[in-house]
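Subject: Structure handover

Hello,

Here is the structure you were waiting for. Please open it alongside this message; my notes follow below.

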Amino acid sequence: MNQEYDIKKLESAFSEDFSSSLYAILANEYLKNKELDRAYTVCKIGLEYHPDDITGQFILAQTYLL
């Protein structure tokens with residue numbers, strides 16, 4: 001299943017609340033667009049608030065591999 005997300009709306013929601021769990025979706029969208037620096041930054045911020053989130057950890061690991 002491949003969903004389309006509006007990156008601008010995700011960015012807006014994330015910038016209003018860094019503790020939002022939307023960070024993983026936003027970071028994944030950045031990965032799809034080959035924006036590794038942005039994906040890394042969003043993951044690092046999101047994981048500060050959600051350190052046990054496996055999805056965020058996985059996306060961060062993908063940024064390291066790419």
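Glu29 counts as buried, because its relative accessibility is 8% and the cut-off for buried is under 20%. Keep in mind that this is a predicted model. Glu29 sits in helix H2. Which residues does Glu29 contact, leaving aside its neighbours within four places in sequence? They are Gln3, Tyr5, Ile7 and Leu10.

Glu11 is located in helix H1, which covers residues 7–16. Glu11 has a relative accessible area of 18%, so it is buried under that cut-off. Not counting residues up to four places away in sequence, Glu11 touches Leu26, Tyr30 and Arg38.

Next, the chain as a whole. It has four helices and zero strands. Read from the N terminus, the order is α-α-α-α. The C-alpha trace spans about 25 × 25 × 25 Å along its principal axes. A compact globule with 66 residues would have a radius of gyration near 11 Å; the chain has 11 Å, so the two agree. Buried residues account for 32% of the 66 residues. Take the contacts between residues at least 6 apart in sequence: 47% of them join residues at least 24 apart.

Now the helix pairs. Two packed helices are described by the angle between their axes and the distance between the axes.

H1 and H2

The axes of H1 and H2 come within 10 Å and cross at roughly 140°. That angle makes H1 oblique to H2. The crossing is left-handed. On the H1 side, the contact uses Ile7, Leu10, Glu11 and Phe14. On the H2 side, it uses Tyr23, Ile25, Leu26, Glu29 and Tyr30. By class, that gives seven nonpolar residues, no polar ones and two charged ones. Both glutamates discussed above, Glu11 and Glu29, are in this contact.

Is Phe14 buried or exposed? It counts as buried, because its relative accessibility is 5%. Leaving aside neighbours within four places in sequence, Phe14 is in contact with Tyr23, Leu26, Val42 and Ile45. There is also a distance you can check on screen. Phe14 and Ala27 are 13 residues apart along the chain, and their C-alpha atoms are separated by 11 Å.

H2 and H3

H2 covers residues 23–32 and H3 covers residues 36–49. Their axes come within 8 Å and cross at roughly 165°. The cut-off for roughly antiparallel is over 145 degrees, so H2 and H3 are roughly antiparallel to each other. H2 passes H3 in a left-handed crossing. From H2, the contact takes in Tyr23, Leu26, Ala27, Tyr30 and Leu31. From H3, it takes in Leu36, Arg38, Ala39, Val42, Cys43, Gly46 and Leu47. The residues of this contact divide into 10 nonpolar, one polar and one charged.

The loop between H2 and H3 holds Lys34. Phi of Lys34 is near 60°, a positive value in a residue other than glycine. Lys34 counts as exposed, because its relative accessibility is 69%.

H2 and H4

H4 covers residues 54–65. The axes of H2 and H4 come within 9 Å and cross at roughly 25°. H2 and H4 are therefore roughly parallel to each other. Here too, H2 passes H4 in a left-handed crossing. The H2 residues in the contact are Tyr23, Ala24, Ala27, Asn28 and Leu31. The H4 residues are Thr55, Gly56, Ile59, Gln62 and Thr63. What is the make-up of this contact by class? It has five nonpolar, five polar and no charged residues.

Then turn to Lys34, in the loop between H2 and H3.

Best wishes

Terms used: Residues are numbered from 1 along each chain as its sequence is written. This is a predicted model: local features need pLDDT of at least 70, side-chain atom pairs count only at pLDDT 80 or more; totals for chains, interfaces and linings use all residues. Side-chain values use heavy atoms; hydrogens and water are left out. Axes are lines fitted to C-alpha atoms, for helices over the stretch in contact, and angles run from 0 to 180 degrees between N-to-C directions. Helices (H or I, at least four residues) and strands (E, at least two) are DSSP runs, numbered from the N terminus. Angles under 35 degrees count as roughly parallel, over 145 as roughly antiparallel, 65 to 115 as roughly perpendicular and the rest as oblique. A crossing is left-handed if the near helix is turned anticlockwise from the far one by less than a right angle, and right-handed if clockwise. Contact means heavy atoms within 4.5 Å. Ala, Val, Leu, Ile, Met, Phe, Trp, Tyr, Cys and Pro count as nonpolar, Asp, Glu, Lys and Arg as charged, and the others, Gly among them, as polar. The radius of gyration is taken over C-alpha atoms; the globule rule is 2.2 Å times the number of residues to the power 0.38. Buried means under 20% relative accessible area, exposed over 50%, partly exposed in between (1.4 Å probe, protein chains only).
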